Amino acid sequence: MAALKIAFETPDNPGSSSSSCRKPIDFAQLGRQTMGDKELEIEVLQLFARQARQAVSEIAGGDADRRIQAAHRLKGAALAVGAADVAEAAAAIERKPADATIAGALGAAVLEAELFILKLCR
């Protein structure tokens with residue numbers, strides 16, 4: 001497997017900062033989950049990005065029960081990597097699975113986290 005060049009500095013891009021002014025990923029939380037293993041952090045973040053995209057797709061095309069289940073899984077994964085904005089939006093979907101505005105906010109939070117993760121892996 002080819003080695004990734006990993007940039008562990010926090011990507012700075014004011015245009016993509018979350019509405020709550022926090023980074024899309026809490027590195028302290030991620031570090032606790034990976035015991036500080038930087039390669040494992042990247043693997044976990046890449047897995048999270050794939051799972052998040054899948055969950056957003058399920059939420060967009062599923063019935064209420066499926067949306068709630070996908071949101072619940074996504075919330076857990078987001079909390080594990082420190083993606084608080086994604087977790088909050090997923091929790092909102094759990095409470096109001098038919099709300100298109102919340103689904104849009106979830107999609108935006110996932111996109112922001114994914115772009116942040118991609119910057120880390122360049």
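Let me start with Phe 48. Leaving aside neighbours within four places in sequence, Phe 48 is in contact with Leu 74, Ala 77, Ala 78, Val 81, Ala 83, Val 86, Ala 113 and Ile 117. Contact here means heavy atoms within 4.5 Å.

Before going on, the ground rules. This is a predicted model, in which local features need pLDDT of at least 70 and side-chain atom pairs count only at pLDDT 80 or more, while totals for chains, interfaces and linings use all residues. Residues are numbered from 1 along each chain as its sequence is written, and side-chain values use heavy atoms, with hydrogens and water left out.

Now the overall picture. The chain has five helices and zero strands, and along the sequence the pattern reads α-α-α-α-α. Helices (H or I, at least four residues) and strands (E, at least two) are DSSP runs, numbered from the N terminus. Of the 122 residues in the chain, 39% are buried. Buried means under 20% relative accessible area, exposed means over 50%, and partly exposed is in between, with a 1.4 Å probe and protein chains only. Among contacts with a separation of 6 or more, 66% are between residues 24 or more positions apart.

Next, the core. Which residues have the most contacts inside the largest nonpolar core? They are Ile 25, Phe 48, Leu 74, Val 86 and Leu 106, in a core of 31 residues. By nonpolar core I mean a set of buried Ala, Val, Leu, Ile, Met, Phe, Trp, Tyr and Cys residues joined through side-chain atoms within 4.5 Å. Helix H2 (38–61), helix H3 (64–81), H4 and H5 each supply at least two residues of this core. H5 gives the most, with eight residues.

On to H1. Gln 29, Leu 30, Gly 31 and Thr 34 are its buried residues, and the buried residues of H1 pack against H2 and H3. The N-terminal end of H1 is capped by Asp 26, where a side-chain oxygen lies 2.9 Å from the backbone nitrogen of Ala 28. Just after H1, Met 35 takes a positive phi of about 55°.

Then the charged pairs. Side chains of opposite charge can pair when their charged atoms come close. The rule used for a salt bridge is a side-chain nitrogen of Lys or Arg within 4 Å of a carboxyl oxygen of Asp or Glu. By this rule the count comes to seven.

Take Arg 22, which is partly exposed at 31% relative accessibility. Arg 22 forms a salt bridge with Asp 85, the closest N and O atoms being 2.7 Å apart. Why does this pair tie together parts that are 63 residues apart in sequence? Because Asp 85 lies in helix H4 (residues 84–95), whereas Arg 22 lies in the segment before helix H1 (27–34). Asp 85 is buried, with a relative accessible area of 15%.

Arg 22 also forms a salt bridge with Glu 88, with the closest N and O atoms 2.6 Å apart. Glu 88 is in helix H4 and Arg 22 in the segment before H1, so this pair ties together parts that are 66 residues apart in sequence. Glu 88 is partly exposed, at 45% relative accessibility.

Another salt bridge joins Arg 66 and Glu 58, with the closest N and O atoms 3.9 Å apart. Arg 66 is partly exposed at a relative accessible area of 45%, whereas Glu 58 is buried at 14%. As for shared partners, salt bridges join Arg 22, Asp 85 and Glu 88 into one network.

One more residue, Ile 68, in helix H3. Is Ile 68 buried or partly exposed? Ile 68 is partly exposed, at 30% relative accessibility. Leaving aside neighbours within four places in sequence, Ile 68 is in contact with Ile 93, Glu 94 and Pro 97. Ile 68 and Pro 97 are 29 residues apart in sequence and 6.1 Å apart in space, C-alpha to C-alpha.

Last, the surface. The chain exposes about 7000 Å², of which carbon and sulfur atoms supply 57%. These areas come from the Shrake-Rupley method with a 1.4 Å probe; for residues, only the protein chains shown count as cover. Leu 111, Leu 115 and Leu 118 make a nonpolar surface patch of about 280 Å². Patches are made of residues with over 30% relative accessible area and no salt bridge, with like charges joined within 9 Å and nonpolar side chains (Val, Leu, Ile, Met, Phe, Trp, Tyr) within 5 Å. Leu 111 sits in helix H5 (residues 100–120) and is partly exposed, with a relative accessible area of 47%.

Methods. A polar contact is a pair of N or O atoms within 3.5 Å; within protein, one must be able to donate a hydrogen and the other to accept it, and residues adjacent in sequence count only if both atoms are side-chain atoms.
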